[in-house]
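My entries follow in the order in which I made them.

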2 protein chains.
Amino acid sequence: MSVPDPAFDRRAAALLRAAANDLKRDDTTAEADLGLAPGTFAGLTSGEQPVDLALLGRAAEVWPLNERDLLPGHDDTSRRVRIMRAKESEASSRVLARGGDDYYEYRDTAMSRVASYRPEWIRMLQPVDDNDADNPAVRWNRGHLLYQFTYFVGPVNYYYRWQDRSVCVPMETGDSVWGLPFAPHSFTARSTDEPAYILALTYGGDLVGDAQRELAILGNAAAHQAKLTPEGGPAALLRSFLQARAVTVEELARRTGLSAEHLAVLVDGDRQPTGTERAQLAEALGISERDLLPPSTGTDGGVVVQRSATAHRWHYPADSPAYRFTQLAGDASHPHTTALETEVLARSAEDTAWLSTYQHSYLYVLGDQPVRLLWEADGERHEEELQPGDSAYLMPEVPLSFVRTDPEAPPAQVLLLRIAGAVLPEVRHALGAMPEGGIERYVNEDRLWYSKEGN
Amino acid sequence: MSVPDPAFDRRAAALLRAAANDLKRDDTTAEADLGLAPGTFAGLTSGEQPVDLALLGRAAEVWPLNERDLLPGHDDTSRRVRIMRAKESEASSRVLARGGDDYYEYRDTAMSRVASYRPEWIRMLQPVDDNDADNPAVRWNRGHLLYQFTYFVGPVNYYYRWQDRSVCVPMETGDSVWGLPFAPHSFTARSTDEPAYILALTYGGDLVGDAQRELAILGNAAAHQAKLTPEGGPAALLRSFLQARAVTVEELARRTGLSAEHLAVLVDGDRQPTGTERAQLAEALGISERDLLPPSTGTDGGVVVQRSATAHRWHYPADSPAYRFTQLAGDASHPHTTALETEVLARSAEDTAWLSTYQHSYLYVLGDQPVRLLWEADGERHEEELQPGDSAYLMPEVPLSFVRTDPEAPPAQVLLLRIAGAVLPEVRHALGAMPEGGIERYVNEDRLWYSKEGN
């Protein structure tokens with residue numbers, strides 16, 4: 001908060017008003033609680049007077065909330081986009097050694113405070129002459145919290161370990177892999193002549209932020225009790241809701257009309273409920289059918305490998321294509337992640353196609369062709385030419401499109417990784433259920449929750 | 001952070017290590033980035049040296065993250081429970097006037113920094129002699145962000161307004177209502193002789209925290225674009241995933257084997273997919289069936305009213321009951337909220353039943369009988385006698401039970417409101433997918449993501 005950021009200060013003012021509203025404190029009681037001079041709270045919650053750290057600390061002391069509950073995030077984008085040029089990435093270069101030998105060269109690419117992306121360009125400095133996961137030249141990491149999508153360029157060997165199994169997968173340009181947190185992995189080069197690097201696009205998704213802070217307080221035992229495993233299937237969700245509702249199998253039988261014996265079989269997971277039964281169970285528990293369906297997964301050993309050769313490829317739009325997409329690695333357990341290799345066919349802004357989504361977007365210019373990035377922000381159109389190795393972050397719901405810089409040159413190639421932040425379907429549905437004016441107050445609370453005049 | 005809190009400091013140390021890992025900074029590069037003396041980063045991330053505000057500000061300046069990303073929450077419970085006695089609630093009493101007249105007396109009840117509950121005891125000071133929503137004595141509020149579960153005691157009139165419709169619902173003891181954010185509402189007393197109060201148990205659920213901070217940056221227009229309305233149904237979700245994946249209807253036809261004409265009908269929402277089609281669509285988009293099912297809702301005018309007279313009632317356990325439960329108001333759009341009126345039948349710790357859930361728990365002792373609260377925390381059993389008007393917060397996964405204080409006295413009555421925090425099913429499944437040791441590092445990152453020795 002040392003760099004002046006008026007928009008941040010305005011958001012902090014709105015959070016202070018919202019916190020006082022939540023606690024049913026009007027200006028007078030808030031001033032008494034916080035030791036403020038009478039008449040000063042309105043200035044703080046209107047943004048006239050910045051909320052400083054001392055006030056924040058005092059609020060976290062006298063009110064049942066945490067410092068972070070009063071802190072907004074920073075917007076470090078310019079017109080909803082943050083571009084990092086190849087030269088800046090090069091300047092962030094650092095070589096990390098493992099076991100005394102230089103192992104990787106890391107370079108940062110575009111990151112923003114608005115999203116949980118941590119995308120790195122990584123060059124393999126360790127050559128190998130076999131595809132053996134037990135080759136002692138392979139230096140494994142310990143795994144890390146973030147999900148990792150990896151795009152391969154050149155003859156790179158990928159190694160992953162899951163429980164006790166170690167695997168080596170020789171990769172080619174265009175192959176990709178998506179992996180779960182905390183699985184140890186490594187990368188080496190099969191050649192010393194050819195370029196061998198990866199785009200290691202890690203991100204936290206819904207694992208970082210509030211959930212992590214809550215579980216850090218609840219502790220390991222509670223986290224283990226709360227976990228739902230793939231093996232648990234729908235029955236684990238059913239049991240979880242029965243416990244939450246404190247509903248017995250007998251009471252569930254009364255509500256659904258199904259027999260207690262049959263319900264016991266469903267609760268134990270010995271049989272899956274039919275579609276009709278699932279609807280009955282959801283109705284009886286006051287939940288939705290979706291709540292009784294666990295996510296699918298295609299991971300094997302914690303990873304999903306997508307070979308370029310067998311990937312889905314399609315034109316977009318189908319009739320007069322501006323792009324040719326290749327679908328890269330991902331998993332149904334993380335439905336809000338999309339990885340695409342994009343060949344830019346469009347030769348002009350008139351014949352390109354606009355893309356927009358609720359997901360955040362990260363892009364990296366592959367290959368050797370530059371590309372024009374067009375986007376719209378707050379009603380205006382903007383444009384930047386991106387060179388190979390340039391990367392960018394774009395906010396959700398920003399319409400964007402690509403056009404070739406030189407209509408005669410080969411198609412440009414862009415790697416696109418889209419991820420959801422905290423605005424998941426539950427929140428999106430909650431936004432859709434708010435009455436008129438609700439969204440505006442949710443985004444920026446600007447008033448006391450009642451009028452002193454009484455209307 | 002002005003009050004010493006060593007556990008908070010340890011959590012902050014783990015977050016600093018996790019942030020450096022995410023950014024692929026080892027101790028040496030982190031020290032260079034943060035302007036720290038060589039060799040000092042290890043002390044900060046082990047918790048030996050507290051992470052102070054200056055360091056936090058510096059990290060938020062040089063790294064692409066926000067101050068709040070490095071801040072943990074506080075644990076203000078004692079052995080996972082926070083009790084507030086009736087006397088303390090009384091001491092927090094404050095009368096708020098509306099239009100010059102005293103309208104409500106507010107009293108805080110048990111709140112904790114660990115959960116988003118903001119539960120208030122509120123007495124109605126405004127009597128009315130009719131059930132007219134347009135009675136000028138009724139002073140409406142402007143609505144507020146938090147979800148509100150309300151339990152009624154005595155002859156209380158409840159008023160709610162949704163878009164342009166105003167409704168008065170005369171309530172009796174034991175009736176309850178669950179309401180959406182930002183809908184204006186009010187309460188009055190139908191009598192000046194009888195007690196007339198409510199337990200207004202508000203909470204933020206997944207609307208407060210990360211999602212609100214993200215949307216505060218993205219702004220109103222993006223929030224409106226991201227919203228999913230009840231009218232949108234499954235087709236809105238299907239369209240949202242098609243956009244995210246940049247998949248055309250033609251490509252979807254190729255992947256599913258369904259005709260483009262039929263798919264266009266499903267995408268427009270003119271027909272609902274069958275169960276089989278939903279499975280095909282999910283498979284083709286790399287998502288789960290649950291992702292194509294919107295939540296149900298039973299709200300009418302933004303609220304769900306549950307009359308005591310028509311509520312589900314059941315014994316728990318069925319064979320030798322320790323409790324008789326009454327299910328109170330709630331809605332399927334918020335499946336992780338459970339409201340129960342609990343009659344405590346158990347006469348001894350031996351014949352009681354233990355309850356536990358992934359949800360946070362709040363309780364308030366109703367009626368005129370005290371009750372013994374038993375709970376387990378970190379392997380030990382604890383006990384407190386609670387008097388009428390006492391309230392408590394309990395962490396998720398804490399086993400708890402109730403026993404009558406006097407076996408000869410009538411059953412004690414406890415109001416129980418359970419809510420989820422940030423640990424929603426997506427996170428619970430992610431925990432279940434982590435390899436051995438992953439949960440421990442997620443909860444408390446204690447190491448660099450690789451070993452310098454290279455193994």
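Entry 1. I began with Glu289(A) and Arg278(A), whose side chains meet in a salt bridge at 3.4 Å, N to O. Glu289(A) sits in the loop between helix 11 (275–285) and strand 11 (303–306) of chain A, while Arg278(A) belongs to helix 11 of chain A, so the pair ties together parts eleven residues apart in sequence. I note that the model is a predicted one. I then looked up the accessibility of each partner. Glu289(A) is partly exposed, with a relative accessible area of 27%. Arg278(A) counts as buried, at 13% relative accessibility.

Entry 2. I turned to strand 3 of chain A and the partner of Glu105(A). Glu105(A) forms a salt bridge with Arg123(A), and the closest N and O atoms are 2.8 Å apart. This pair links distant parts of the chain, with Glu105(A) in strand 3 and Arg123(A) in strand 4 (residues 117–124) of chain A, 18 residues apart. Is Glu105(A) buried or exposed? I recorded a relative accessible area of 6% for Glu105(A), which means that this residue is buried. Arg123(A) has a relative accessible area of 36% and is therefore partly exposed.

Entry 3. I examined Asp108(A) and found a salt bridge with Arg94(A), the closest N and O atoms being 3.2 Å apart. Asp108(A) lies in strand 3 (residues 101–108) and Arg94(A) in strand 2 (residues 94–98) of chain A, so the pair ties together parts that are 14 residues apart in sequence. I list Asp108(A) as buried, with a relative accessible area of 10%. Arg94(A) also counts as buried, at 10% relative accessibility.

Entry 4. I then asked how many salt bridges a search of the whole structure finds over all chains. The search returned 56.

Entry 5. How many disulfides does the structure hold over all chains? I found zero. For Cys168(A), I noted a relative accessible area of 15%, so this residue is buried. Cys168(B) is buried, and its relative accessible area is 15%.

How values were computed: Residues numbered from 1 in each chain as written. Chains lettered and ligands numbered in written order. Predicted model: local features only at pLDDT ≥ 70, side-chain atom pairs only at ≥ 80, totals over all residues. Heavy atoms only, no water. Salt bridge = Lys/Arg side-chain N within 4 Å of Asp/Glu carboxyl O. Helix = DSSP H or I, 4+ residues; strand = E, 2+ residues; numbered from the N terminus. Buried < 20%, exposed > 50% of the residue type's maximum accessible area, 1.4 Å probe, protein only. Disulfide = S-S within 2.5 Å.
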